[in-house]
Amino acid sequence: FFYNKKIFSDYGLVPPKTWGEFLKLCDTLKARRIVPIALGSKAKWPAQFWFDYLLLRTAPLDYREKLLAGKAAYTDPEVSHVFSLWRGLIQKGLFNQRPNELDFDSGAATMVYRGEAAMTLMGTWLIGYYNGPEYKWREGDDYGFFPFPEIDQNIPPVALGPIDGLVLA
């Protein structure tokens with residue numbers, strides 16, 4: 001998660017380590033009329049992070065690998081649990097309205113930059129946007145980041161990240 005340090009500082013908030021702390025943080029932000037989580041899913045793939053991280057925090061990594069290999073089903077209890085958690089966040093109104101109309105950078109990242117939202121779940125490439133000429137934000141001063149919170153203490157934390165490569169002969 002990338003977060004607006006000024007918002008956290010203004011309200012004495014700290015990055016959560018557990019799911020319970022995360023939900024309490026979101027409730028606190030919402031009570032202060034700040035969108036807790038900015039989501040820009042116009043391209044659809046940014047919303048997929050939510051599925052992956054919820055799954056990786058509630059089921060072992062080998063289950064995810066089986067699911068993606070077609071050796072587990074999207075109707076399994078593990079997947080149903082993920083959608084239940086995700087639905088709970090949506091029903092509580094913890095995301096911005098109309099996320100499918102926003103891009104992850106010029107939409108969700110900008111909401112966090114402007115202080116309209118407190119945080120966004122995105123890959124490390126967002127650092128380039130925040131540090132770039134449009135935002136001129138500095139990590140540690142203006143924004144920070146924290147790992148996706150622990151949901152089940154019996155599931156080891158796993159980081160998720162794509163690797164893109166270019167191979168030339």
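The side chain of Asp-105 makes a polar contact with the side chain of Tyr-129, at 3.3 Å. A polar contact here is a pair of N or O atoms within 3.5 Å; within protein, one must be able to donate a hydrogen and the other to accept it, and residues adjacent in sequence count only if both atoms are side-chain atoms. Before we go on, please note that this is a predicted model, in which local features need pLDDT of at least 70 and side-chain atom pairs count only at pLDDT 80 or more, while totals for chains, interfaces and linings use all residues. Residues are numbered from 1 along each chain as its sequence is written, and side-chain values use heavy atoms, with hydrogens and water left out.

Let us stay with Asp-105 for a moment. You will find Asp-105 in helix H6, which spans residues 104–114. Helices (H or I, at least four residues) and strands (E, at least two) are DSSP runs, numbered from the N terminus. Asp-105 is buried yet has no salt bridge, and the nearest side chain of opposite charge, Lys-42, is 9.3 Å away. Buried means under 20% relative accessible area, exposed means over 50%, and partly exposed lies in between (1.4 Å probe, protein chains only). As for charge, Lys and Arg count as positive and Asp and Glu as negative, whereas His and the chain ends are not counted. A salt bridge is a side-chain nitrogen of Lys or Arg within 4 Å of a carboxyl oxygen of Asp or Glu. Which residues does Asp-105 contact, leaving aside its neighbours within four places in sequence? They are Thr-110, Tyr-129 and Tyr-135, where contact means heavy atoms within 4.5 Å.

Together with Trp-45 and Trp-125, Tyr-129 makes a nonpolar surface patch of about 270 Å². Patches are made of residues with over 30% relative accessible area and no salt bridge, with like charges joined within 9 Å and nonpolar side chains (Val, Leu, Ile, Met, Phe, Trp, Tyr) within 5 Å. The accessible areas come from the Shrake-Rupley method with a 1.4 Å probe, and for residues only the protein chains shown count as cover. Trp-125 sits in the loop between strand E3 (117–120) and helix H7 (126–131). Its relative accessibility is 32%, so Trp-125 counts as partly exposed.

Now for the charged pairs. The structure holds six salt bridges, and three of them are worth a visit here. In the pair formed by Arg-64 and Asp-52, the side chains meet at 2.7 Å, N to O.

Lys-6 forms a salt bridge with Asp-10, and the closest N and O atoms are 2.7 Å apart. Because they are four residues apart in helix H1 (residues 5–10), Lys-6 and Asp-10 are separated by about one helical turn. Lys-6 is exposed, at 55% relative accessible area, while Asp-10 is partly exposed at 48%. Another salt bridge joins the side chains of Asp-141 and Arg-138, at 3.0 Å from N to O. Asp-141 has a relative accessible area of 46% and is partly exposed; Arg-138, at 55%, counts as exposed.

Next, a look at the backbone. Most residues other than glycine have a negative phi. Arg-33 has a phi near 60°, a positive value in a residue other than glycine. Arg-33 lies in the loop between helix H2 (19–31) and strand E2 (35–38), and is exposed with a relative accessible area of 81%. Arg-98 also has a positive phi, of about 55°, although it is not a glycine. You can find Arg-98 in the loop between H5 and H6, exposed at 51% relative accessible area.

Our last stop is Ile-151, in the segment after strand E4 (143–145). Ile-151 has a relative accessible area of 23%, so it is partly exposed. Not counting residues up to four places away in sequence, Ile-151 touches Trp-19, Leu-54, Arg-57, Thr-58 and Leu-85. Leu-121 is 30 residues from Ile-151 along the chain, and their C-alpha atoms are separated by 16 Å.
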